[in-house]
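This briefing is for a reader who is new to the structure shown below.

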Amino acid sequence: MRTHRYMITVVGRLGAVGREAFAGFDITPDGRAIVLAGDLDQAALYGALIRLQALGLELIGIARLG
């Protein structure tokens, strides 16, 4: 399956558990939001969304980058 670079923006805070859950991502604070960026296939993208929901983070947006 092909991978693409995704940027996922959420509202919330990532503690130690959250940072561990997204260890393969570039994590960048952006004011009140957090930007997660990583190379994902479709299954990994859906898995990341499930982890976001489990951690109680509010999804603002998802963008597939060039």
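A residue is called buried when its relative accessible area is under 20%, exposed when it is over 50%, and partly exposed in between, using a 1.4 Å probe and protein chains only. By that rule, 32% of the 66 residues of the protein chain count as buried. The model is a predicted one, in which local features need pLDDT of at least 70 and side-chain atom pairs count only at pLDDT 80 or more, while totals for chains, interfaces and linings use all residues. Residues are numbered from 1 along each chain as its sequence is written, and side-chain values use heavy atoms, with hydrogens and water left out.

**Overall layout**

- The protein chain has 2 helices and 4 strands; these are DSSP runs numbered from the N terminus, with helices (H or I) of at least four residues and strands (E) of at least two.
- In sequence order, the elements of the protein chain follow the pattern β-α-β-β-α-β.
- The C-alpha trace of the protein chain spans about 30 × 20 × 15 Å along its principal axes.
- The radius of gyration, taken over C-alpha atoms, is compared with a globule rule of 2.2 Å times the number of residues to the power 0.38.
- For 66 residues, a compact globule would have a radius of gyration near 11 Å, and the value of 11 Å for the protein chain agrees with this.
- A contact means heavy atoms within 4.5 Å. Among contacts between residues at least 6 apart in sequence, 69% join residues at least 24 apart.

**Helix H2**

- The expected span of a helix is 1.5 Å times one less than its number of residues. Helix H2 covers residues 42-54, and its 13 residues should span 18 Å; the end C-alpha atoms are 19 Å apart, which agrees.
- Leu 45, Ala 48 and Leu 52 are the buried residues of H2. Seen down the axis of H2, these buried residues fall within an arc of 60 degrees, so they line one face of the helix; the arc is that of the directions from the helix axis to the C-beta atoms.
- The buried residues of H2 pack against strand E1 (4-11), strand E3 (33-40) and strand E4 (58-65).
- Ala 43, Tyr 46, Ile 50, Gln 53 and Ala 54, on the other side of H2, are exposed.
- Gly 47 also lies in H2, and with 22% relative accessibility Gly 47 counts as partly exposed.
- At the start of H2, the backbone nitrogen of Ala 43 has a side-chain oxygen of Asp 41 within 3.2 Å.

**Nonpolar core**

- A nonpolar core is a set of buried Ala, Val, Leu, Ile, Met, Phe, Trp, Tyr and Cys residues joined through side-chain atoms within 4.5 Å.
- The largest nonpolar core has 13 residues, and Ile 8, Phe 22, Phe 25, Leu 36 and Leu 52 touch the most other members. E1, E3 and H2 each supply at least two residues of this core.
- Setting aside neighbours within four places in sequence, Phe 22 is in contact with Leu 14, Ile 27, Leu 36, Ala 48, Arg 51, Leu 52 and Leu 55.

- His 4 is in strand E1 and counts as buried at 18% relative accessibility.
- The side chains of His 4 and Arg 64 make a polar contact at 3.4 Å. A polar contact is a pair of N or O atoms within 3.5 Å; within protein, one must be able to donate a hydrogen and the other to accept it, and residues adjacent in sequence count only if both atoms are side-chain atoms.
- The contacts of His 4 are Gly 38, Asp 39, Leu 40 and Arg 64.
- Thr 9, also in E1, is buried with a relative accessible area of 16%. Its contacts include Ala 33, Ile 34 and Val 35, as well as Glu 58 and Leu 59.
- Val 11 is in E1 and is in contact with Arg 32, Ala 33, Leu 57, Glu 58 and Ile 60.
- Val 35 belongs to strand E3 and counts as buried at 13% relative accessibility. Among the contacts of Val 35 are Met 7, Ile 8, Thr 9 and Ile 27.
- Val 35 and Ile 60 are 25 residues apart in sequence, and their C-alpha atoms are 9.7 Å apart in space.
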